[in-house]
Amino acid sequence: MRKILIETTLLLSVLVSGLLMVQYHQQSQIGKIKLDQLITVQKVTAKILIETMFIGRNNSEHYDKHAQLQLNLEHNLDSMTKQTRIVSLVLSFNANIEAYIQIVTMLNTSNRLLASSQLYFNNSSLSLKHAGNHLLALLLKYNNKPTRHNNLEIKSFIDKNTSLLQQLNQNGMQWHMLNQHIRYILINTSVANNLIDKLKNSKLEENLQMAIKHQTSELLIQKNSKNTCVIFIIFMMFGLVLRILLLQRKR
Amino acid sequence: MYLLLNKIRSGTGYLICIVIALAIIILIILSYYYLTLPTTKVSNVKLSQTTFHSVRVRGAIQPIPKKITTNIKWVELGKALFNSKLLSKDNTIACASCHLIKHGGDDGFQFSTGVNNQQGTRNSPTILNAVFNFRQFWDGRSKNLTEQISDPINNPIEMATNWPDVIAKLNQSSTFKQAFKRVGNENINQKNIVKAITVFEESLITPHAPIDKFILGDNSALTVQQQRGLKKFIDFGCITCHQGQNIGGNLYQKLGRIDFVPENLQQDLGRFTLTNKESDRFVFKVPSLRNIAQTAPYFHNGSVESLERAVQIMARAQLGLSLSEQDTEDLVALLQAFTGKLYNVRGNR
């Protein structure tokens, strides 16, 4: 047995290194897919955030692109089941985006309807015109600084001037509708601001960055290990050839 | 063994023995490679074979593509499956039973009837242009058509069956066996059934609606009243939710966001039933308004028969607006302009 010990050792080494090489190769393939997914998720989340802000600032004509990006993000999540931390962060990010979009799209409409009401106020009696302009100024102030004080100021102004403001109905603008939109703005402006702050301060980007860094270094280790195995196999094969040549020469 | 090896080593067979050993080793390594190959989940395989040649225009409403490129054989197989009652437990219900393609893509009933005459609690949404919705179902529980297909098949009050039974029944049908062979000698399995139905449903689009012609530059495509309706649709704020290619279907919104909704529309809690989140109470996917004139009755529970009433409810609930008779008529006239023509895959090939 000792006579074939060298060959057996060389061949077994080739076998073990070969199996290890395959293992490292498969691991690096999986790692590469994971890395690609993380990079895609990072790109898509950045795009969604920008698109969400566009919608928030009323700079988007329709939301098809936003919807597609959300779908794209969710599609990537389906194959990321093992990365639970990232998945839960993305899900919460997505939920905040959905909630924000629902509120902000209506806020944009409410603000637009209120802005268009100025025309109706201007065509009204002097007192109603003044009341309307004051109300719109208060709303503008609230939009810039949605504090509790500004909120209460608007509510008390409306309560004091309800009968005057109701005269707007005679000019073709429904006060009930405007009032509902004002209430909506007063309730939801700070909700929308909180949601966008949550999105901006989300730990998702930081975690994605860390996960990408970790995955990249893991991938590098796997690639190096695979290369080491390949070099080892080449050496073993070279040793085997050398052994054969030596034996042939001896013979 | 030792003697044999020794004999081989001393003889000419030494080299052959080494080569054989190496070959065995390579074989083992290769087997290990194939055994450990990372598997791809069936759900992640892209089943769609359709390319939509979309045109973008300035404005909130986008036109439906006039042309698609698809695989006609898969479309035909999908159509056969869509119309097949073998996809239900007792062979009484097909997808087409609740989605009548030539009649707006739904069945016109408040609730559709499933196996054993059971009825659901939500109105059948139209299948036409469903491919452009960002989610499927009223509560958006499915991301796309592919994911959606299993739901009615497994739902006990719809088709009440399961994939193994469906596959077994289709395998007994010589027509379907041949049909699957025609698309490329494909097996009858869940993936291929879903693929065929998906590809067929993707072909169910309705371009050439007057609104599409209008936004593409044909000013005569809308009547004066419809143009007035479009202006009101934009000015009142309907466009906030009903925009994009499908004039809706691309976001969630709360029913009754601004004002009250009739009580009978408040019994269904919408996405809340899925997520249990308070903020999702009464939140639904905004339905597409395409072909709306053909898809009465309206709302998630199909409780409103007329388009006029539906428009008035929505104006009040979502915008706090009481519509005048003239406003309602103008808006309804516009909604008639959202009706397109079913795309003919063969004719446009």
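Over all chains, the count comes to 20 salt bridges. A salt bridge here is a side-chain nitrogen of Lys or Arg within 4 Å of a carboxyl oxygen of Asp or Glu. The model is predicted: local features need pLDDT of at least 70, side-chain atom pairs count only at pLDDT 80 or more, and totals for chains, interfaces and linings use all residues. Residues are numbered from 1 along each chain as its sequence is written, chains are lettered from A and ligands numbered from 1 in the order in which they are written, and side-chain values use heavy atoms, with hydrogens and water left out.

Start in chain A. A:Glu51 and A:Lys65 meet through their side chains in a salt bridge, 3.7 Å from N to O. This pair joins distant parts of the chain: A:Glu51 sits in helix H1 and A:Lys65 in helix H2 of chain A, 14 residues apart. Helices (H or I, at least four residues) and strands (E, at least two) are DSSP runs, numbered from the N terminus. A:Glu51 counts as buried because its relative accessible area is 7%. The classes are buried (under 20% relative accessible area), exposed (over 50%) and partly exposed (in between), with a 1.4 Å probe and protein chains only.

Now turn to the contact of the two chains. It takes 50 residues from chain A and 54 residues from chain B. Contact means heavy atoms within 4.5 Å. About 4700 Å² is buried between chain A and chain B, and carbon and sulfur atoms give 58% of that area. Of the area that chain A buries against chain B, A:Gln26, A:Glu61 and A:Gln102 supply 13%, more than any other three residues. Buried area is the accessible area (1.4 Å probe) that two parts lose on being put together, summed over both.

The rule finds 4 salt bridges between chain A and chain B. B:Arg135 forms a salt bridge with A:Glu98, with the closest N and O atoms 3.4 Å apart. On the side of chain A that touches chain B, the elements giving two or more residues are helices H1 (5-56), H2 (64-78), H3 (84-122), H6 (175-200) and H7 (204-250) of chain A.

Chain B has salt bridges of its own. B:Lys231 and B:Asp235 pair at 2.6 Å, N to O. Both lie in helix H11 (residues 224-236) of chain B, 4 residues apart, about one turn of the helix. B:Lys231 is exposed at 52% relative accessibility, while B:Asp235 is partly exposed at 33%.

Another bridge spans more of the sequence. B:Asp259 pairs with B:Arg316, the closest N and O atoms being 3.0 Å apart. B:Asp259 lies in the loop between strand E3 (252-254) and helix H12 (272-275) of chain B, and B:Arg316 in helix H13 (residues 307-319) of chain B, 57 residues apart. B:Asp259 is buried at 11% relative accessible area; B:Arg316 is partly exposed at 23%.

A network of salt bridges links B:Arg122, B:Asp139, B:Arg141, B:Asp151 and B:Asp268.

End at B:Thr328, in helix H14 (residues 325-336) of chain B. B:Thr328 counts as buried at 2% relative accessibility. Apart from neighbours within four places in sequence, B:Thr328 contacts B:Glu308, B:Gln312 and B:Leu323.
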